[in-house]
Amino acid sequence: MKNVSLYPVILALFSIILTACVTINIYFPAAAAEKAADQIIEEVWQLDDAGKNEQGAEDTRSDN
Amino acid sequence: MNKLFSYLVLLVILLSLTLAAHARGTNIEINTPAITKLKQSMQQRHGQLAPYYTSGAVGLTRDGMIAMRDANAVPLAQRQSVNALVAAENQDRNALYREIARANSHPEWEKDIRATFSQRWISLAKSGWWYQAANGSWTKK
């Protein structure tokens, strides 16, 4: 009997979790993209690792 | 009570799936055969392009490409081949941005990836190389 009143709560939790999943995948991960870009550029230009992190992964956007 | 317990278990499973998605979402996949191939092709071409970056004949554009910015810095006889190098490089760069977006199952990220790259190419460029500032003017690093 008591369980019945829990259904709305559980439904709400489900929707929160589902929304979180969707949100996570929509935002562009700017910091990770910067790191990936640096990695590729260092390979293409054959740069030394020295000074690689000077401006490295600073991020102006929030990325969850 | 049993029902409630199974709901809780289900919630925990969903929560861990969410966390897994989160961990995946904060990484950018760049290890695919297509991306590796593009990297190699660009790396090989860089040896030929580097002297033109140094001389200022070729510069880094604000949209993550390269361009002939001072054709007079290249002897007439070489101009055709430098133009071809620039065109081939830009083709690879376009493909690279597209492939990274696709490898991460978000083709719509292409323009964000391009924007990120355009900043990082310029940040990592050697001093003396030319790049295009946000307002479009050419600047020597």
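Helices here are DSSP runs of H or I with at least four residues, strands are E runs of at least two, and both are numbered from the N terminus. What you have open is a predicted model, where local features need pLDDT of at least 70, side-chain atom pairs count only at pLDDT 80 or more, and totals for chains, interfaces and linings use all residues. Residues count from 1 along each chain as its sequence is written, chains are lettered from A and ligands numbered from 1 in the order in which they are written, and side-chain values use heavy atoms, with hydrogens and water left out.

**Stop 1: the loop in chain B**

Select Ser105(B), in the loop between helix 3 and helix 4 of chain B. Its phi is near 55°, a positive value in a residue other than glycine. For background, most residues other than glycine have a negative phi. Is Ser105(B) buried or exposed? Ser105(B) is exposed, at a relative accessible area of 58%; the cut-offs are under 20% for buried, over 50% for exposed and partly exposed in between, with a 1.4 Å probe and protein chains only.

**Stop 2: the helices on either side**

Now show helix 3 (residues 76–103) of chain B and helix 4 (residues 110–124) of chain B. Their axes come within 9 Å and cross at roughly 125°; axes are lines fitted to C-alpha atoms, for helices over the stretch in contact, and angles run from 0 to 180 degrees between N-to-C directions. Helix 3 and helix 4 of chain B are therefore oblique to each other, given that under 35 degrees counts as roughly parallel, over 145 as roughly antiparallel, 65 to 115 as roughly perpendicular and the rest as oblique.

Glu99(B) is buried, with a relative accessible area of 16%. What does Glu99(B) contact, leaving aside neighbours within four places in sequence? Look for Ala34(B), Ile35(B) and Leu38(B).

**Stop 3: the sheet**

Switch to the strands of chain B, where an open sheet of 4 strands runs in the order 2-1-3-4 with mixed pairing. The edges are strand 2 (66–68) and strand 4 (138–140) of chain B, each pairing on one side only; two strands pair if DSSP finds at least two bridges between them. On average, neighbouring strands of this sheet are turned by 40° against each other, direction ignored.

Zoom in on strand 1 (residues 58–60) and strand 3 (residues 130–132) of chain B, which pair in the parallel sense over 2 bridges. Leu60(B) stands opposite Tyr131(B) of strand 3.

Then bring back the helices. Helix 2 (residues 33–55) of chain B lies across strands 1, 2 and 3 of chain B, at about 90° to strand 1. Helix 3 of chain B lies across strands 1 and 2 of chain B, at about 160° to strand 2.

**Stop 4: over to chain A**

Chain A has 2 helices and 0 strands, and buried residues make up 33% of its 64 residues. Select Ala37(A) in helix 2 (residues 30–45) of chain A: Ala37(A) is buried, with a relative accessible area of 0%. Not counting residues up to four places away in sequence, Ala37(A) touches Thr116(B), Phe117(B) and Arg120(B).

Finish at Gln46(A), in the segment after helix 2 of chain A. Gln46(A) has a positive phi of about 50° although it is not a glycine, and Gln46(A) is exposed, with a relative accessible area of 54%.

Key: Contact means heavy atoms within 4.5 Å.
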